[in-house]
Amino acid sequence: MIIFGTKGYLYQLAILTLVCGHCGNPSAHTLRKRVTKFTLFFVPLFPFSTKFATQCTFCGVEQQISKEQADQLLAQSAAHSAGAPQYGQPGGAPAYGQPQQPGPYGQPGQPGPSGQGNPYQR
């Protein structure tokens with residue numbers, strides 16, 4: 001007996017701000033890729049269907065798009081995010097683990113205006 005079938009995978013590629021064609025609101029849209037793979041004995045072997053879609057987070061309508069449209073939206077998303085300041089870059093917030101400027105009371109764990117240190121630090 002041979003056991004075969006299909007399994008679907010859903011990938012979220014980007015979150016874009018677009019004007020919805022259904023409700024007309026400018027809102028966030030998720031760009032998703034749905035891949036269906038052929039399985040043999042519950043092991044996914046190869047994809048045989050790939051579809052792209054955007055879904056409006058305001059009204060929930062999902063619209064199927066072509067691979068070329070999805071690539072274009074991804075390129076626009078990458079170009080848009082490249083212009084914005086990012087964490088850890090000049091002009092952006094410091095990245096995790098990078099030193100920050102001391103606050104108004106000096107370094108963490110030093111006494112504040114009431115004379116008491118950090119109550120959670122021992």
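**Start at threonine 30**

Select threonine 30 and arginine 32: their side chains make a polar contact at 3.4 Å (a pair of N or O atoms within 3.5 Å, where one must be able to donate a hydrogen and the other to accept it, and residues adjacent in sequence count only if both atoms are side-chain atoms). Before going on, note that this is a predicted model, where local features need pLDDT of at least 70, side-chain atom pairs count only at pLDDT 80 or more, and totals for chains, interfaces and linings use all residues. Residues are numbered from 1 along each chain as its sequence is written, and side-chain values use heavy atoms, with hydrogens and water left out.

Threonine 30 sits in strand 2, residues 26-40 (strands are DSSP E runs of at least two residues, numbered from the N terminus). Is threonine 30 buried or exposed? It's buried, at 9% relative accessible area (buried means under 20%, exposed over 50%, partly exposed in between, with a 1.4 Å probe and protein chains only). Now show what threonine 30 touches beyond four places in sequence: Gln12, Ala14, Ile15, Ala53, Thr54, Gln55 and Thr57 (heavy atoms within 4.5 Å).

**Along the strands**

Next, colour strand 3, residues 43-56, which runs antiparallel to strand 2 over 12 bridges (strands pair if DSSP finds at least two bridges between them). Click valine 35 and you'll find threonine 50 as its bridge partner. In the turn of this hairpin, phenylalanine 41 has a positive phi of about 55°.

Then pick threonine 54, opposite glutamine 63 in strand 4. Finish at glycine 60, in the hairpin of strands 3 and 4, with a positive phi near 90°.

Terms used:
Helices (H or I, at least four residues) and strands (E, at least two) are DSSP runs, numbered from the N terminus.
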